[in-house]
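Thanks for coming, everyone. Please look at the sequence and the model on the screen, and I will walk you through some parts of it.

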Amino acid sequence: MNSKTNFFSSLLKSPLHNLQQYRTIAKVRLKWVKNRSLDHIIDVQTDVKAACLIKDAIVRSSTGYLTSKSLSDSQKLLGLTVPTLRFVRRYPTLFEEYPHPKYPSLACFRLSQMGKMMQEMEMRVFEECEGDIVERLCRVLMMTRNKMLPLQSLHPLKWDLGLPDDFDRNLIKKYPDHFQVVKETNGLNCLKLVKWREEFAVSMLQKINERSIGGDVDGRRASVSGIGKAALEFPMSFPRGYGAQKKVKAWMDEFQKLPYISPYEDSRGIDPNSELMEKRVVGVLHEFLGLTIYKKTKRNYLRCLREEFNLPHKFTRIFTRYPGIFYLSLKCKTTTVALREGYRRGRLVDPHPLARHRDKLNYVMRTGLIYRSKAADMLPNLDNLVDNVENTAGEKESDEEEFEVSDGCYDSEAFDGFSG
């Protein structure tokens, strides 16, 4: 580690009781801005996620199939906007329908040959990325107050964090020096971090700025505040015309000058009503979304982590107070939070191997939907076909709607009418 990095690291170790800081930061009211490209990505991935959940349920089943009766009530659980049976029948390349062995009038669904092939490919991806998955899970636990999370809070996040379906049965048992399952006083089974891993305790934002000490990264420079903490700046991607608003620019400039508190540092010494805590909350949400495969998750999933991440009760206001960092989507009858910097021109920046595999799964689904019975003849060269297919998940950023700015503080609880 060079001297510049040592200097940077020393800045991040000053006592938190010296960091109580209040600033009169200008607050503005921002109208929600619709981003068509991110909405479309979320729309597409909702179907891919539902297909994966059904696939995993079939694989878990002792019979190797699911009946129409067992699928009929799962629409809301899968986050679908159409009945589950109609959804499954859309994709004959993945799911094969046949009559029940004993009750011919009862429809059953199993994986097709292509579905089985996709499942085998997914297992290979999980195996190849196992080290990354373990690190990702360690980082999430390291961000919590007690270095543990209830398994019931982690299960809904399996898709977002790229965890295998059986992570609680096989993966964590394979790494007893990393994870341990313990029972809390409330009776819940929790996943606990066995050992703090210093090599993981560097946030995504710190890594960007660590490389920029003595230089710039995308025009940003890590500065040092008067109280000895690095005032790291968050990357921001503004809606059209946003940066030209003087009040907004002044607000963001003051916010960026605040000291940065790593999400892996103990925050219990920070005044919960200070502007410093607000920047810390932004940092926690920024880091968590950065750990997800698609740099996004449902807002309600984050609410389940509120106490463990030491977030304030109304932390969801952050998403609309900082629209240059976060985007709120209301697609698919839910509220999804995305990290803007994770996407460029309607495409995921530096996609994870699991995201690439899911793109292939999406291609298989779309081919079956369009060509039906002819699809099987078109898919043998899947790898060659998918690698040349453009990601259809995006339109240009210029499709965003206009917004308005006025005095006052935006209340994002207006979004609470939409379930997350």
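Start with helix α13, residues 275-291. It lies across β10, β11 and β12, and runs at about 90° to β12. Some terms, quickly. Helices (H or I, at least four residues) and strands (E, at least two) are DSSP runs, numbered from the N terminus. Contact means heavy atoms within 4.5 Å. Axes are lines fitted to C-alpha atoms, for helices over the stretch in contact, and angles run from 0 to 180 degrees between N-to-C directions.

Now the ground rules. This is a predicted model: local features need pLDDT of at least 70, side-chain atom pairs count only at pLDDT 80 or more, and totals for chains, interfaces and linings use all residues. Residues are numbered from 1 along each chain as its sequence is written, and side-chain values use heavy atoms, with hydrogens and water left out.

Three strands make an open sheet in the order β10-β12-β11, with antiparallel pairing. Strands pair if DSSP finds at least two bridges between them. β10 (296-298) and β11 (326-329) stand at the edges with a single partner strand each, so one side of each has no neighbour in the sheet. On average, neighbouring strands here are turned by 20° against each other, direction ignored. β10 is joined to β12 (residues 336-339) by three bridges. In that pairing, lysine 298 has threonine 336 as its bridge partner in β12.

Which helix also lies across β10, β11 and β12, at about 60° to β11? That is α2.

β3 pairs with β4 (residues 107-111) over five bridges, in the antiparallel sense. Glutamate 96 has arginine 110 in β4 as its bridge partner.

Is aspartate 56 buried or exposed? Its relative accessibility is 14%, so it counts as buried. The cut-offs: buried means under 20% relative accessible area, exposed over 50%, partly exposed in between (1.4 Å probe, protein chains only). Leaving out residues up to four places away in sequence, aspartate 56 touches Gln119, Glu122 and Asp165.

Two of those names come back in helix α6. Its buried residues are Met114, Gly115, Met118, Gln119, Met121, Glu122, Val125 and Phe126. They cover an arc of only 165° around the axis, which puts them on the same side of α6. That arc is taken from the directions from the helix axis to the C-beta atoms. On the other side, Gln113, Glu127 and Glu128 are exposed.

Next, the core. The largest nonpolar core has 98 residues, and Phe87 and Phe326 have the most contacts inside it. Such a core is a set of buried Ala, Val, Leu, Ile, Met, Phe, Trp, Tyr and Cys residues joined through side-chain atoms within 4.5 Å. Phenylalanine 87 touches Asp47, Ala50, Ala51, Ile54, Leu80, Val82 and Met365, not counting residues up to four places away in sequence.

One more group of strands. β5 (residues 148-150) and β7 (residues 189-193) run antiparallel, joined by three bridges. Leucine 149 stands opposite leucine 191 in β7. β6 (residues 179-183) is joined to β7 by five bridges, also antiparallel. There, valine 182 stands opposite cysteine 190. The hairpin of β6 and β7 has five residues between the strands, and glycine 187 takes a positive phi near 90° in it.

Lysine 183 sits in β6. At 59% relative accessibility, lysine 183 counts as exposed. It touches Leu188 and Asn189, again not counting residues up to four places away in sequence. Its C-alpha atom is 9.0 Å from that of proline 150, though the two are 33 residues apart along the chain.

Last, the whole chain. It comes to 17 helices and 15 strands. Of its 420 residues, 53% are buried. Among contacts between residues at least 6 apart in sequence, 72% join residues at least 24 apart.
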